[in-house]
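Hi,

Here is the model I promised to pass on. Have a look, and my notes on two of the interfaces follow below.

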There are 6 protein chains.
Amino acid sequence: MSDSLQRPGGPPPTIIGGALPNLPWEDRPAGCRDVLWRSTLNPVIPRNLTATSNSIFNSAVVPFEGQFAGVFRCDDKRRRMQLHTGRSVDGLRWQIDPEPIVFHCDEPETRDFNYGRYDPRVCWLEDRFYVTWCNGYQGYPTIGVAYTYDFKEFYQLENAFLPFNRNGVLFPRRIGGQYAMLSRPSDNGHTPFGDVFYSVSPDLVHWGRHRLVMRPADGWQSTKVGAGPIPIETREGWLLIYHGVLTSCNGFVYSAGAALLDLDQPWRVIYRTAPYLISPQTLYECVGDVPNVVFPCAALYDAPSGRIAIYYGAADTVTCLAFTQVDELIRFIKDNSLV
Amino acid sequence: MSDSLQRPGGPPPTIIGGALPNLPWEDRPAGCRDVLWRSTLNPVIPRNLTATSNSIFNSAVVPFEGQFAGVFRCDDKRRRMQLHTGRSVDGLRWQIDPEPIVFHCDEPETRDFNYGRYDPRVCWLEDRFYVTWCNGYQGYPTIGVAYTYDFKEFYQLENAFLPFNRNGVLFPRRIGGQYAMLSRPSDNGHTPFGDVFYSVSPDLVHWGRHRLVMRPADGWQSTKVGAGPIPIETREGWLLIYHGVLTSCNGFVYSAGAALLDLDQPWRVIYRTAPYLISPQTLYECVGDVPNVVFPCAALYDAPSGRIAIYYGAADTVTCLAFTQVDELIRFIKDNSLV
Amino acid sequence: MSDSLQRPGGPPPTIIGGALPNLPWEDRPAGCRDVLWRSTLNPVIPRNLTATSNSIFNSAVVPFEGQFAGVFRCDDKRRRMQLHTGRSVDGLRWQIDPEPIVFHCDEPETRDFNYGRYDPRVCWLEDRFYVTWCNGYQGYPTIGVAYTYDFKEFYQLENAFLPFNRNGVLFPRRIGGQYAMLSRPSDNGHTPFGDVFYSVSPDLVHWGRHRLVMRPADGWQSTKVGAGPIPIETREGWLLIYHGVLTSCNGFVYSAGAALLDLDQPWRVIYRTAPYLISPQTLYECVGDVPNVVFPCAALYDAPSGRIAIYYGAADTVTCLAFTQVDELIRFIKDNSLV
Amino acid sequence: MSDSLQRPGGPPPTIIGGALPNLPWEDRPAGCRDVLWRSTLNPVIPRNLTATSNSIFNSAVVPFEGQFAGVFRCDDKRRRMQLHTGRSVDGLRWQIDPEPIVFHCDEPETRDFNYGRYDPRVCWLEDRFYVTWCNGYQGYPTIGVAYTYDFKEFYQLENAFLPFNRNGVLFPRRIGGQYAMLSRPSDNGHTPFGDVFYSVSPDLVHWGRHRLVMRPADGWQSTKVGAGPIPIETREGWLLIYHGVLTSCNGFVYSAGAALLDLDQPWRVIYRTAPYLISPQTLYECVGDVPNVVFPCAALYDAPSGRIAIYYGAADTVTCLAFTQVDELIRFIKDNSLV
Amino acid sequence: MSDSLQRPGGPPPTIIGGALPNLPWEDRPAGCRDVLWRSTLNPVIPRNLTATSNSIFNSAVVPFEGQFAGVFRCDDKRRRMQLHTGRSVDGLRWQIDPEPIVFHCDEPETRDFNYGRYDPRVCWLEDRFYVTWCNGYQGYPTIGVAYTYDFKEFYQLENAFLPFNRNGVLFPRRIGGQYAMLSRPSDNGHTPFGDVFYSVSPDLVHWGRHRLVMRPADGWQSTKVGAGPIPIETREGWLLIYHGVLTSCNGFVYSAGAALLDLDQPWRVIYRTAPYLISPQTLYECVGDVPNVVFPCAALYDAPSGRIAIYYGAADTVTCLAFTQVDELIRFIKDNSLV
Amino acid sequence: MSDSLQRPGGPPPTIIGGALPNLPWEDRPAGCRDVLWRSTLNPVIPRNLTATSNSIFNSAVVPFEGQFAGVFRCDDKRRRMQLHTGRSVDGLRWQIDPEPIVFHCDEPETRDFNYGRYDPRVCWLEDRFYVTWCNGYQGYPTIGVAYTYDFKEFYQLENAFLPFNRNGVLFPRRIGGQYAMLSRPSDNGHTPFGDVFYSVSPDLVHWGRHRLVMRPADGWQSTKVGAGPIPIETREGWLLIYHGVLTSCNGFVYSAGAALLDLDQPWRVIYRTAPYLISPQTLYECVGDVPNVVFPCAALYDAPSGRIAIYYGAADTVTCLAFTQVDELIRFIKDNSLV
């Protein structure tokens, strides 16, 4: 990642981070009034990209060596959940490894062999990429943690928490000298509740000082909420895209919103969107293995221009892309905050 | 509304009511065998007609000053439920007020401030338009009642019933000297049961003499039933369009049928359709925020010709239109009655 | 009932009502610290007092012609729920009519024939005794209303509310010129929720102006709350004994507390006990057809002395008696209020 | 059915059965990698093929007198479930009798009059066609059995099992001298569990020696499994196509897989697909009365060429067709077996 | 068993069966009005009669070689359910074998090894004693069948039905030339529904011609009903003692009633008690491992005198005894019938 | 605590710990065959020991300054759950502080003010007593941690884990250099599942390296299992008394068993009782606020004699005492192990 570029004579960019000019950014379509707009190429990853895949969704990508790399949730035709690596020149066209990731792990008790891995996130932190995902320890979901330098070899650490937990999302730098993670305690099934919590660790192994960040609110986020992509550091606070769930008489509906968290005390929510940013409305979001799901897991940004690209799973079947601009988004969050 | 026109030399029209020539009626499509047919312009109101709307559905319209007016359920992008007024020249193209209705109400205990209003009906009764809707009193659903003369100022009365109740539908004239309303007692969630009851009132405030009208039956109406549009007075009885719900292994499926109720004792069902008139079969009915929902809330008629236009919500997302003819419909109800 | 007696030279009695010297009052046992104490003769009515009774509980008694009369819930050995009249010289030893009450009713639709009647209350109001109970209209529970002059002939009116409702309790005089009733809207089963509402009527037939009185709170009253005996008018407000329900991992636990309601606006709660007054602790309250139930339905008072006798059902099996003194009770409510 | 043809000089055909050259077989589309491929004419039977049908799906067809005949599940517009006969020249274009089948039956207790029949299978066995279906005895689902020689007159036997049961599938010949049937015991609703069992009978009336065949496994078949078409006899074992169900947060998802059962002891599973063969992925499978359902009920084969055509219901709304080739399919089952 | 004795000059005994003078019969206690009365020695078998027993209940006894034998449900201190034999001189004091029954069975698939056996019945039929019980085939409950000549060696046959089933009760002779059994289809847990069905078999292996006998009714038998002891043949029909279950807000309550079934067509209910005969009212019936359970599994009779002794489990903890007289009981059934 | 005494010439005591001669130990009653026997003084703490207590149960005691101290769960008459300290000369007669414990805590976010504290354990560890309990952080249960030197001042640390968790039990010394705790992840209600996990910490604030210790098994421990008293170090391993739950049709039944855990890797279970040690069988265990509960929270021992006294809550109402001897208990665990 290149350094952030100060525009001459102007204010510093809102996003504290590098440039990413080589993603094929799309402008907001004419006539569109929304703060977030879908890619015209959606779904950018079809369900059957690999020979054995039933669906590819809820996946995480990052800039890597001038191109892109990612960790993908590929459910196979047995409907087992697996993690695969992938590489791409432009972030749109992907080569996904047909074989699942094999984690190096010296600890047989927690080594991840089985087929219960899902919903990965990838975070550049200090000197390497960390992967967090929902991992099936003894058949119970909790937060798996691993790292890689090259998206070839992956080294698995201890699970971060006791079961039952999902949607573990690391912060991209230490806060107050400690590693920090968001997560969503759950139960062992289709959990009908869910709050976002914040925990810290001196060593990425032992976790404590747990703090509640956000509860469900009304409307689209009334059943549960969970962190989405790695938070983006901005001059206004940590920008967190998150998912919210509403229970209709036909089951769960997953939409996405955004919040600004305090930079030093991220469990303090400064602003949080009352309306959703995006909800299931297109055919590829409404129809699939699980209808009516929009589930963001990664957000790439170009700090100088403020552009943000959000990768999200649709209908638990395909992977899609949406765009926004950071200043417009922060304006929207502030103007539509329920805090 | 103009008076009913007696066709010279012919029998009196079946519908007891006025003429409505200026709706853009559509004839039954060639080859269609159904007693009810969809508008070719469906969905006539898209989900994003206003800047803040997530969806517009389950709404009520009436003829008004030679044109049309209505009260619309507009869920905002927070997925909160609100009521908005709207006006239209032809009943198809609508201008919906971007701001929710503000009810005048002297009683702070019951004044409707919150965002839990939904599924309105509008009824011309004696000298004004009455609006009934599902109102959140103390967070519990019950039947809100208000009136307007001009669709600008709305005056809220007492809630008609104790919680928990939904789908309150007024009759368009007094019966036996008293005001009359249909409703569907419920619980506080996605109620898996529901019968239509009839209640009367001397003053639109105190209600009593509650009578059961109809229970669920088999097939499409086996889980619950609820009144739809304001009943239409005909020479054969009150024509009631109603919704019925079937529980599939993927949740509720909402369809619509019709019944004829006794003119003087409307809790007596004379005929009631065993088959549905319309069920979710088009893409806009099967795909949306809540798949597989057809939910009628208003029916306009042209008494001389017997044409009826039914407005219905589809997939809890958009508003649609369907047509029928009263004599054909009554024939169908009689020929396919489960009573 | 005789008039209230002013004690010479002292303040007027707290209870606004008559004297009742002929109940065999029991003093608080030595060493007892509780504001409410059980009769040493409990259970005062055994389960098999009549030849056909499985259980006799949740019943209402009143002073009548210098002695006592009542309406009793007698479940028969079919476990059907019925109402029977009874007479007693002292309020302890009862002759219960072996035949259920037959209500006179000109309206066949609502006439109560079936075996789904339960939990009666009896209220002296203006010139006669009114009975309210949970009545099965079309198989759905709602509030039945009837009156009697002599506990021989009973005349049934319209049901007060739409289904689903339970625990309808009349006030013993008009308030603001209107009849007033408390009730607890419910669903059709073992309702796991329940709030007390207040409604008024000009004629005991049409009811409106519904107001929320109290919701569940914490601890013993965290699942649902419902009115118990007819409220007692005191100089401090309406004294309402009510039941509250806690859900343990082994089912519902019914206890009882008390509240003071505003005399003119009884939906306003002035004080309400945070602790229970009585909870299931004796063998006859903990063991029976429904373990762990204390359910008060009637309260007799002697205004000059302030003594109050509370009849309550125990374990849905037998009828019991407990005593308190009004000034001590009001002191306790104020000192332990959660309002 | 004609006899199986030995290809000169080659090995005997894998399928032990006749030729069926006159079905309009479709080759695998170019670029398709799947072992099973959909007909380009899907859905081959639309939902409204008859005047009263709401949907036509989960139906069974057989070769008959050089053409085709079948028994169809036609839900009417009441959403009642019925069985109708149909005839076709090519297996694609069907004439379905607008009247439901009337079964001859001397036993009034079990004669099938009502409207709770669904999911038929048809099996040529010895000298006639047997129909099995889910039959509503006393309102409870169990396995109905009947036979026909001509698809005009149907003769109903005793129900095979006690309630509650579904998906009774006969074997096409006696095994060990006895008739044999697969079935899936259930409960009275949307059963969330289900295993395939095997039972035998000397007379098609009394059944016993019940054996477990297969339980749910992981992924797409984790909630329940049930037999699909009549098993096909092959030199490798009985080829059983079966459905499996996964429970997503939006309800059940029905897919299909295949297994090979021992020829003499069919309760022994030799191989069974870990991945599904087909899951809901097209619009007609994902959108309809019950979204996300693929449900096979019949499989026709041409033994010399090894072609197999599978009829399956889609979204509980329409009937579809898919193709495979037996040697490729058996290879796939063996290569992807979870046994 | 000795032959039935004709009383000289009198009518033949109502019960068609032998004499049993050596049971220590107890007369109805003074003042008791009930048609069934409890033994003063209850509970006749304590929970800890064997060194490993947690509870002994829901068990079956028969006259045997002038004394008594039985098959007992002994849950061990692991709370696993097992069957043990026992012997007694007088039917009250029992020696129960500390080791569970080992069934001889040539069929490894169905041989009963595990610890999921419960609720046995024992039936003298033609030339031996048959035992039926709830057997865990593959972890699913169904009806196990075995026979013994000597209560030492037991020979297990095939399970009678597919899972899920409980309370299989044989008739003591062939009817219409076939063996006959009552049973109660269920699901795999605490089944909240249950009807009694009748099935026949030529060989005790294959079962068919299934007929509904009785559904739940109101009150104490509103959730489910199941057959209890082996039916007693009388001149008025088969006398069936059965259990019924009511669901209170604190769980299931098991009581018992009786019915008369047609001698030749036992699925026809001639009379059936509307009230229960016995419900949980004593401390040993209301308090124990499962509170509020009365569950009869055996009935012994002395035909000349018409005395009947009923063995029943209480609170799923101990075994109790109650008495009745056949003519009084039949009179009661007829006078209190809901048929 | 005094040092362990080596008996001259004999083997070292099995328990690695001190002497405790001053508890009024009771011998096994004559005729009792059980490895655990109840105190003849049960319940040793009645429900109303303090003026405000509804119940006192599930509490922890330790030897303290030659006498005894403890932390008690005292539910008040509001049925709110609180922790109180208590002191006793003999461990039987207790003075319980009428005011709840006030924890010193510098962190306002986690300071425990509310009334959702329950089921404490107390552990002597290095230089002070640690208290762990189920603490309501933000209304969600998790494991609170505090310490005291004198049972007067208590200092609260961070909660150990994310919600949802219960039954946190510390080990009485570091293992492998780290603090160690057992816990039982749960959900937010009457959790119907539960396994025991092991976690370690360098600082009692950050926890990690989570390991599964034991799952539910069959019978009495089939629904969930949770650690009871502080594990006792023995020469055979850590002796863990734990509770197990069975779900009957009338709710949860709590019993207790025991296990031996590896001294160095305590997540390895060496032996574990298949039968329970104690289940609800007495009136005070079967009748109370929650029927059928035995719940041990503390175990005191006298190492030289091997006597162990177990404090357990009964029926969620009172506190009881039972006794065992360590060598007999370990023999029993080994002889009856399901591992």
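**Chain A with chain F**

Between chain A and chain F there are 17 residue pairs in polar contact, both at pLDDT 80 or more (N or O atoms within 3.5 Å; within protein, one must be able to donate a hydrogen and the other to accept it, and residues adjacent in sequence count only if both atoms are side-chain atoms). On the side of chain A that touches chain F, β12 (179–185), β13 (196–201) and β14 (208–214) each supply at least two residues, and β14(A) gives the most, with five. Strands here are DSSP runs (E, at least two residues), numbered from the N terminus.

A caveat before the rest: this is a predicted model, with local features needing pLDDT of at least 70 and side-chain atom pairs counted only at pLDDT 80 or more, while totals for chains, interfaces and linings use all residues. Residues are numbered from 1 along each chain as its sequence is written, chains are lettered from A and ligands numbered from 1 in the order in which they are written, and side-chain values use heavy atoms, leaving out hydrogens and water.

Arg211(A) forms one with Glu158(F), closest N and O atoms 2.8 Å apart.

**Chain C with chain B**

Six salt bridges turn up here, including Arg211(B) with Glu107(C) at 3.3 Å, N to O. For polar contacts, the count between chain C and chain B is 17 residue pairs. β14(C) gives the most to the side of chain C that touches chain B, with five residues.

Cheers

Methods
Salt bridge = Lys/Arg side-chain N within 4 Å of Asp/Glu carboxyl O. Helix = DSSP H or I, 4+ residues; strand = E, 2+ residues; numbered from the N terminus.
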